[in-house]
Amino acid sequence: MSNGTGIEDLLRELAPQVLGVVIRRFGDFDSAEDAVQEALLAAARHWPAEGTPANPRGWLIQTAVRRMTDQLRSERARRRREDLAALADPPPADVTDRDDTLVLLFMCCHPALTAASAIALTLRAVGGLTTAEIANAFLVPETTMAQRISRAKQRVKASGVPFQMPASQEWAQRLRSVMHVLYLVFNEGYASSVGADLHRTELSGEAIRLARMMHRLLPDDGEVAGLLALMLLTDARRPARTGAGGELIPLAEQDRTLWDRELIAEGVALITGALAKGVVGEYQVQAMIAAVHDDAANVEDTDWPQILALYGLLEQMTGNPMVALNRAVAAAMVHGPAAGLKLLEPLDEPLAGHYRLDAVRAHLFEMAGDTRAAMTHYRAAAGRTTSIPEQQYLTTRAARLRERTAESGPVDGQPPPDGGTP
């Protein structure tokens with residue numbers, strides 16, 4: 001690893017921690033974000049030549065606090081007298097080893113925001129996702145998401161409510177929002193929605209790190225344990241998801257000896273312990289589905305009836321059209337492709353234009369032996385995805401069907417990539 005790359009990774013790790021401290025100190029998200037960005041840029045300029053300081057986190061906090069103090073002093077005419085007195089001798093920067101990333105997560109899930117806005121703001125501040133990536137996760141245009149994030153910041157500032165950990169009566173709802181943020185960050189890292197790489201391990205790894213932190217903080221919360229278990233059980237398959245050239249390898253074709261058995265064992269232990277607590281939530285159900293996949297030595301041994309039942313339960317709990325899409329895949333594996341295709345029909349409106357609907361339809365048509373329809377939907381899906389590895393996989397799938405059809409007629413069906421799982 002080059003020195004520059006190491007510094008870049010360190011700055012990315014420290015950024016949310018520093019931002020949490022500065023927001024906690026000054027209570028202004030926009031100004032704090034600007035100050036932290038200036039501190040990060042200063043570090044990127046100076047550290048490669050001068051060396052990384054002994055306490056890089058403290059260096060960044062001190063620099064960001066100075067930027068904030070200078071900015072606030074420049075607005076002296078618009079501040080009340082007591083604010084000026086407080087700023088005249090700012091308190092020493094917080095340079096302890098405390099990790100404020102989790103605090104920042106809860107801060108961003110602010111009571112002045114809707115749940116959707118809080119999640120978007122947190123993805124931007126803590127997850128490091130671009131506006132385009134967040135928009136893709138929410139299935140909305142990028143311009144809409146940019147406006148949502150901007151309004152969220154303005155609403156927080158106008159509310160006058162400080163960024164802080166939630167009161168006891170707000171805890172459950174804020175925790176749910178935080179878990180959803182981590183879920184989206186992990187998914188973006190495990191299956192990147194844009195660009196040339198299938199994985200963005202810096203995002204999935206950060207989501208797992210934060211989920212572990214939350215589990216240590218809330219060891220008796222079954223859904224927190226379920227979320228962490230889901231991440232581990234899913235990430236365990238990552239080493240087998242790409243070939244030597246970075247191409248996508250579907251679940252049915254993966255070398256399962258490459259799966260990380262330690263992560264699988266840890267995930268199974270977590271979900272087993274969570275289920276013993278008696279209250280089952282949606283992340284626990286998803287973790288159970290992942291565990292069933294991971295338990296199969298090969299694709300033929302997969303317990304599809306159990307997966308179908310679990311997706312049915314999950315759909316009842318969430319009403320999420322993506323869950324219904326995955327249930328259609330499981331139904332096809334249990335009852336045949338016609339049953340799966342039938343379940344896709346109600347999804348044409350809620351998932352209109354989404355590539356995954358075309359991709360699943362293509363696979364089910366392939367299973368049914370309708371190669372012409374399969375090729376049409378593979379091409380449509382390839383034209384709609386912004387992930388280059390997925391686009392290449394779908395395009396290649398359509399091309400192979402065309403070749404095989406020309407040589408010997410329709411091909412035998414097989415399950416879709418990753419079995420419909422995250």
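Okay, let's start with Trp47, which counts as buried because its relative accessibility is 2%. Buried here means under 20% relative accessible area, exposed is over 50%, and partly exposed is in between, with a 1.4 Å probe and protein chains only. Trp59, at 26% relative accessibility, counts as partly exposed.

Before I go on, a word on the source: this is a predicted model, so local features need pLDDT of at least 70 and side-chain atom pairs count only at pLDDT 80 or more, while totals for chains, interfaces and linings use all residues. Residues are numbered from 1 along each chain as its sequence is written, and side-chain values use heavy atoms, with hydrogens and water left out.

Back to the tryptophans. There are four aromatic pairs in the structure, and Trp47 with Trp59 is an edge-to-face one, 5.2 Å centre to centre with 70 degrees between the planes. For a pair, the ring centres of Phe, Tyr or Trp (its six-membered ring) lie within 6.5 Å; planes under 30 degrees apart are stacked, over 60 edge-to-face, the rest tilted. Why does this pair tie together parts that are 12 residues apart in sequence? Because Trp47 lies in helix H2 (residues 29-50) and Trp59 in helix H3 (residues 56-74). Helices, by the way, are DSSP runs of H or I with at least four residues, strands are runs of E with at least two, and both are numbered from the N terminus.

Next, a lysine. Lys153 is found in helix H8 (residues 142-159). Buried or exposed? It's buried, at 15% relative accessibility. Leaving aside residues up to four places away in sequence, Lys153 touches Phe29, Asp30, Glu33 and Leu121, where contact means heavy atoms within 4.5 Å.

Now for a helix pair. The axes of H15 (residues 321-335) and H16 (residues 337-344) come within 6 Å and cross at roughly 160 degrees. Axes are lines fitted to C-alpha atoms, over the stretch in contact for helices, with angles from 0 to 180 degrees between N-to-C directions. H15 and H16 are therefore roughly antiparallel; that label needs over 145 degrees, whereas under 35 is roughly parallel, 65 to 115 roughly perpendicular and the rest oblique. Residues making the contact include Leu325 and His335 of H15, and Pro337 and Leu344 of H16.

Last, the whole chain. It has 19 helices and two strands, and 50% of its 422 residues are buried. Of the contacts with a separation of 6 or more, 66% are between residues 24 or more positions apart.
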